[in-house]
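Me: Could you walk me through this structure, one step at a time? I am new to it.

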Amino acid sequence: MTMTTQEKTYDLIIRGKDYQKEILTHATIDYCYYYIQKNNQSSWSFFRDHQGDMIEVVCRETKQVIEEYFIW
């Protein structure tokens, strides 16, 4: 039986030139999108320290990168 998008869990990973860092694990896809939307471009966010890097939404079950966003 195949799992639906809503049944899977996801990680948010910041990927820089020389590193990668998990910032959220075992989250729903909706929460990942909410977290990115809420924190990208926020002056108080820890995203500020990673401007110019990429953030990836990665499915834990398949290891597939679902979305990539540039942190600005």
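Me: What should I know about the model before we start?
Reply: Residues are numbered from 1 along each chain as its sequence is written, and side-chain values use heavy atoms, leaving out hydrogens and water. This is a predicted model, where local features need pLDDT of at least 70 and side-chain atom pairs count only at pLDDT 80 or more, while totals for chains, interfaces and linings use all residues.

Me: Which strands stand at the edges of the sheet?
Reply: Helices (H or I, at least four residues) and strands (E, at least two) are DSSP runs, numbered from the N terminus, and two strands pair if DSSP finds at least two bridges between them. Four strands make an open antiparallel sheet in the order β2-β1-β3-β4. An edge strand has a single partner, so one side of it is left without a neighbour in the sheet; these strands are β2 and β4.

Me: How many bridges join β3 to β4?
Reply: These two strands run antiparallel. Here E56 stands opposite E68 in β4. The number of bridges joining β3 to β4 is five.

Me: Is D11 buried or exposed?
Reply: D11 lies in strand β1. Its side chain makes a polar contact (N or O atoms within 3.5 Å; within protein, one must be able to donate a hydrogen and the other to accept it, and residues adjacent in sequence count only if both atoms are side-chain atoms) with the side chain of R60 at 2.6 Å. The relative accessibility of D11 is 5%, so D11 is buried.

Me: How far from C32 is the nearest cysteine sulfur?
Reply: A disulfide is a pair of cysteine sulfur atoms within 2.5 Å, and the count here is zero. For C32, the nearest cysteine sulfur belongs to C59, at 10 Å.

Terms used. Buried means under 20% relative accessible area, exposed over 50%, partly exposed in between (1.4 Å probe, protein chains only).
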